[in-house]
Amino acid sequence: MTNQGGPRQVDISAREGEVLAALGEHLTNAEIGARLFISIRTVESHVSSLLRKLQADDRRALAAMAATLPSDPAGASAAAIAVAPTLPSPLTPFVGRLAERAALSAALSEHRLVTAVGPGGVGKTRLALSVAADLSDRFADGVWYVDLVPVTDALMIAPAIADALGLGERQSSSAVDNVVSWLAERETLLVLDNCEHLLDGVVVLLERLLAGSPRSAVLATSRARLLVPFERVFSVPGLSVQADDGGPGDAVELFLKRAAAGESPVSSDDTERIAAVCTALDGMALAIELAAA
Ligand SMILES: Nc1ncnc2c1ncn2[C@@H]1O[C@H](COP(=O)(O)OP(=O)(O)O)[C@@H](O)[C@H]1O
Ligand SMILES: [Mg+2]
């Protein structure tokens, strides 16, 4: 589940553009410093910021990217390098949720802000990620994922989004302005995961982002809804214990999958007992995983 949607642009400063061009010529830091009349230390700091902004593994990767730039340094500085957006890749396979995926996708074609609401562990994050992957073709400028768990201050929401979008800091403008202007002409789906502890800050920011970017949409996840009139709330139910055709539902399938990975695999003859356990757990995905482990 990587490379969703189209490429995005990363802003690099004029100086970083010059350093990048020099890396393309395979110069050492000392040679770059001598050429640009800056200290080796300064070169090092430009290289590390290029590595971060361009999400490159090492300077060889940067040198390869430099090959795609125009040859004059001014052009290089203005050049924005395309990096594909990525969604995090969960470590376990996704199970079911066909009806919920369809409903959320449909909601996102009619509403610009959809909040997937439900208790911790019900499966909001996994559902949002799978819907985001399903929709990657619908948003020309890609689907972007921002986890707000590490953000403890409302003022840091915009910087977290800017970071996820790969927008470097610009001294002359705020992170909010950077994100607003980046999104303005683009068509993106922004997944804001775990909004519950920042409801007011998210609302204030989303009013600006959505107003400024008419073709973008936001899929938020939260334990509580954002409580704004332009929000469409989707209550994430527990995993179904029984399928519509009467067969085993998603909850039972998740239990069987996780149990099969553990030390005491259960046979699928046990589905009645497993269904009873899943019902007792209200189809909560996390609880089912723990019970099956
Ligand atoms: N549809 C699913 N298929 C497979 N695993 C799931 C599914 N839904 C949830 N899980 C697993 O259950 C746990 C809780 O899900 P998560 O999406 O993190 O819940 P929430 O975001 O509501 O707290 C995670 O370990 C997740 O991988
Ligand atoms: Mg979550």
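**A tour of the ligand 1 site**

Select α7 (124-134), α11 (250-261) and α13 (285-292): each supplies at least two residues of the shell around ligand 1. Helices here are DSSP runs (H or I, at least four residues), numbered from the N terminus. This is a predicted model, where local features need pLDDT of at least 70, side-chain atom pairs count only at pLDDT 80 or more, and totals for chains, interfaces and linings use all residues. Residues are numbered from 1 along each chain, ligands from 1 in the order written, and side-chain values use heavy atoms, without hydrogens and water.

Next, color by domain. Domain 2 (98-235) and domain 3 (250-292) each give the shell at least three residues; the bounds come from an automatic or database assignment.

Now show the 18 residues around ligand 1 (a heavy atom within 4 Å). Val95, Gly121, Lys124, Thr125 and Glu289 come nearest. By class, the shell holds eight nonpolar, five polar and five charged residues. Gly counts as polar; Asp, Glu, Lys and Arg count as charged.

Turn to the polar contacts (N or O pairs within 3.5 Å). For backbone N or O atoms, pick arginine 126, 2.9 Å from a ligand 1 oxygen, and glycine 123, at 3.0 Å.

Finish with the surface. Alone, ligand 1 exposes 550 Å², and the protein buries 84% of that (Shrake-Rupley, 1.4 Å probe).

Conventions: Polar contact = N/O pair within 3.5 Å; in protein donor to acceptor, adjacent residues only side chain to side chain.
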